[in-house]
Amino acid sequence: MMKRTALAVATSVVALLSLNGVAHAQSRGGIIDVATIGEPPTLDPMASTADLVGIVTQHIFETLYTFDAKWGATPLLAAALPTISEDGTVYTIPLRTGIKFHDGSTMGAADVVASLERWTRIATRGKQAGEVITGIAATDEATVTITLSKPYAPLVALLSLNNAAAIVIPAANAAQDPLESFVGTGPYKLEDRVPDQYIQLVRFDDYQSLGGEPNGYGGARNQYLDEIRFVPVPDPSTRIGVAMAGQYDYIDQLPVESFAQIESGATDPVVLAPFGWPVFMMNTKEGLNSDIRVRKAIQAALAPEDMMIAAFGSEDFFSIDAAWYPDSFVWHTEAGTDAYKPLGDTETAKALLAEAGYDGSPLRILTSRQYEFHYKMALVAQAYLEAAGFKVQMDVVEWATLTTNRADPALWDIYITHSPFLPEPSLMGLMSDTSPGWWATDAKHQAVEAFNAESDPAKRVALFAEVQKVIYDEVPGYKVGNFNALAAQSPDLEGVTPAPWPYFWNAYVTAE
Amino acid sequence: MVRSALNRIFGMLVVMALVVTIVFVIVRLTPGDPAAVMLGPDATAADIESLRERLGLNASIPQQFLTYVGGILRGDFGQSIFLNMPVTEALMQRAEPTFFLTLFSLLIATLIALPVGVLSAYWRGSAFDQAATTLAMFAASVPSFWLGLVFMQFFAVRLGWFDASGYGGPGASFGERMHHLVLPALTLGLISSALITRFTRASMLDVLNDDYVRTARSKGMSEWRVVTRHALKNALIPILTVIGLTAALLISGAIVTETVFGLPGVGSLIVSAVLRRDYPLIQGALLVVAGLYVLVNFIIDMLYLIIDPRVRY
């Protein structure tokens, strides 16, 4: 009960903060230390889709668009949302003028063109967009035009994301791969980096913030803080320790079960609810799961409620939700979700398995203990699958091995992963034919292509319901539920809006 | 003595050649791919393949091995894939915390172990001896990560005397950096002291019963002089061996403690290099650790010759 009250308080503190109902006046100055889960593999946000890379580099680099508080695209380096031609193939993007890079030069259309070309060449998401992009050109000094071979609605969302990001860098640096000059337009610039010790960012004095109020990642970006330092603290127990000791101002990614401990320590817990989804990805290309009836049997056999309890301990930290997007997103829909049984349906699973003529060969679950909740879910899943008649083989490896092995269809039937809720459904791994799982059927292509081709937001919502229906029908993946994320922040740190990729412009300290 | 030294050095070179080969093979046999780790969870197979090509991971294994060995012979350990800097530079950056952590831990361990071990032997069977033995058994069986977390909980979280993690921010002074080493050094020092205590006690027991000790006593020499000058000096060889081995272990064995306390030392560098499959860095770091291990053994062997002129190799 105590814990529940504390949680309610923590969540309402968060709610207050995010309503801009801040109690203290924002003051300029101060240095904050942010504990992250490790050292980012690179500081080039085009070169990686890792969340950690995006979290750090979004302070240094900026994109043409970003996401507002409701996950809609909003202009950042662009002056307005693009004008889209009648046939949906020409995007005209007006640029803000007088924007300075950290090296003192001024951003122009040529920089944007060179950056976007680099994006389509290097970035995973850029290459995805590059398949339909036929031309990127500067129409004048403050306008860029992107021409497509066919309508592609996810483009603006792809341009807004902060990982594999379409950042704008000086044209002179665009040929660098790997990137060597970390020169962006962001509110903070890179001052120093000592790997595994700290990444030091300092205020960029020539930054030109958008006017108005902050709005999610968009709107005004106020530079109250003098410095932001990202410090890797890879060990989760140590992150709990530093949070309790109050050594850092913000501690990212704490195990949710440490909530009570954090509560009793020197920093305040911050709950982001809901944060994301854990997913069981199915190998539709080879092995047992290439048979849709086996996948349907798995869908029936799994009991998400028990899996989530085992993984997250308390209902305070997860929710059972069949819809791929929770109701805080426009994409939320119940379409097709009848097949999701919170307590599992062993009898149906048995019948489906018999129908599939299952020969007793082992179902291989590829997972890792890098994320303990993956492993715990897998253990419960194993029990339910065995009850339905499956023989289950658990392949527990460490994360680097998992990322390699999942690329080989001969090695697994299910692998477990998770993701924060992605603002645009097209970004989901399932939507691509080539991501591990290799789901590529006519029904999928029909639903996804219709969704990608439609530019009217309201119609896209309806079309996503069709996509979700196909997902439940063909089971290329199994979304287990929604889970919350826990972070901690110093009582002196204000102005941080809980977000899947926390950002610290607009943050300020109230006392030393 | 020169011949003994030359013999030893030749042996060291053979060991290092074996280490180079074994490390290279093990690293290549481990599944996992630096390119996949670098590009992140949503990277496509084609992206990974093109990065592998650029990193030179698609060359044949013998080809990679020749390039690697050729580089080592020229003093070039290669380029870290993730840190984008030469492996030697990355190791130099991490040398300071590891060096001082080893030094402090060893100091703490020796300062505890020598007096306790000597007194335990001297008062054999006494309450002090039994208490020391029990404590040493306890220290030897405690895992370092657990003791580290307990110290962190008490000294950093509750008392706030020390920082729980890290090695100081930008511009941290030498003193501040050393302050970050207190808790990890205490953790490692206490644990390492157990073994040294046991060896000191055993070795002292051997010599305390020897004739020359009795002779020294019968000459009317003070007990202090008997124990320190005659007994301890002769008991020193096995003790020195253990201290040397502990030093070598600490260089590599500080991995867990460095990770728990977020210290950017050689140990945590090895851990992150392995998790990211940064092949050149794993190879370089392991080679340096093995080299130090061999070197410490060499120094100890040479010290035997100095301490006890009867020793011959």
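**View 1. Strand 12 of chain A and its partners.** Strand 9 (residues 198-203) of chain A pairs with strand 12 (residues 227-232) of chain A in the antiparallel sense, over 4 bridges. Strands here are DSSP runs of E of at least two residues, helices are runs of H or I of at least four, and both are numbered from the N terminus. Two strands pair if DSSP finds at least two bridges between them. A:Val202 has A:Glu227 as its bridge partner in strand 12 of chain A. Strand 1 of chain A runs parallel to strand 12 of chain A, joined by 6 bridges. There A:Ile32 has A:Ile228 as its bridge partner. Strand 12 of chain A is mostly covered, with 5 of its 6 residues buried. Buried means 20 or more other C-beta atoms within 10 Å of the residue's own, exposed means 12 or fewer, and partly exposed is in between, with C-beta atoms placed from the backbone. This is a predicted model: local features need pLDDT of at least 70, side-chain atom pairs count only at pLDDT 80 or more, and totals for chains, interfaces and linings use all residues. Residues are numbered from 1 along each chain as its sequence is written, while chains are lettered from A and ligands numbered from 1 in the order in which they are written.

**View 2. A:Val34 and its surroundings.** A:Val34 lies in strand 1 (residues 31-36) of chain A. A:Val34 counts as buried because it has 26 C-beta neighbours inside 10 Å. Beyond its neighbours within four places in sequence, its contacts include A:Ile228, A:Phe230, A:Tyr248 and A:Phe504. Contact means that the C-beta atoms of two residues, placed from the backbone, lie within 7 Å. A:Val233 is 199 residues from A:Val34 in sequence, yet their C-alpha atoms are 9.5 Å apart.

**View 3. An open sheet in chain A.** Its 4 strands have the order 4-5-7-6, with antiparallel pairing. The edge strands are strand 4 (83-84) and strand 6 (133-140) of chain A, and each pairs on one side only. Strand 5 (residues 90-94) and strand 7 (residues 143-148) of chain A share 5 bridges. One of the bridge pairs is A:Thr92 with A:Thr145.

**View 4. Two cis peptide bonds.** Most peptide bonds are trans. A cis bond joins A:Asp177 and A:Pro178, with omega about 5 degrees. A:Pro178 sits in the loop between helix 5 (155-160) and strand 8 (188-194) of chain A. A cis bond also joins A:Ala273 and A:Pro274, with omega about -15 degrees. A:Pro274 lies in strand 14 (residues 268-282) of chain A.

View 5. Most residues other than glycine have a negative phi. Phi of A:Val475 is near 50 degrees. A:Val475 is in the loop between helix 14 (457-474) and strand 19 (477-479) of chain A. A:Val475 is buried, with 23 other C-beta atoms within 10 Å. A:Asn506 has a positive phi of about 75 degrees. A:Asn506 is in the loop between strand 21 (493-494) and strand 22 (508-509) of chain A. A:Asn506 is buried too, with 22 other C-beta atoms within 10 Å.

**View 6. Chain B against chain A.** 40 residues of chain B are in contact with 40 residues of chain A. Among the elements of chain B that give two or more residues to this side are helix 7 (144-158) and helix 13 (266-276).
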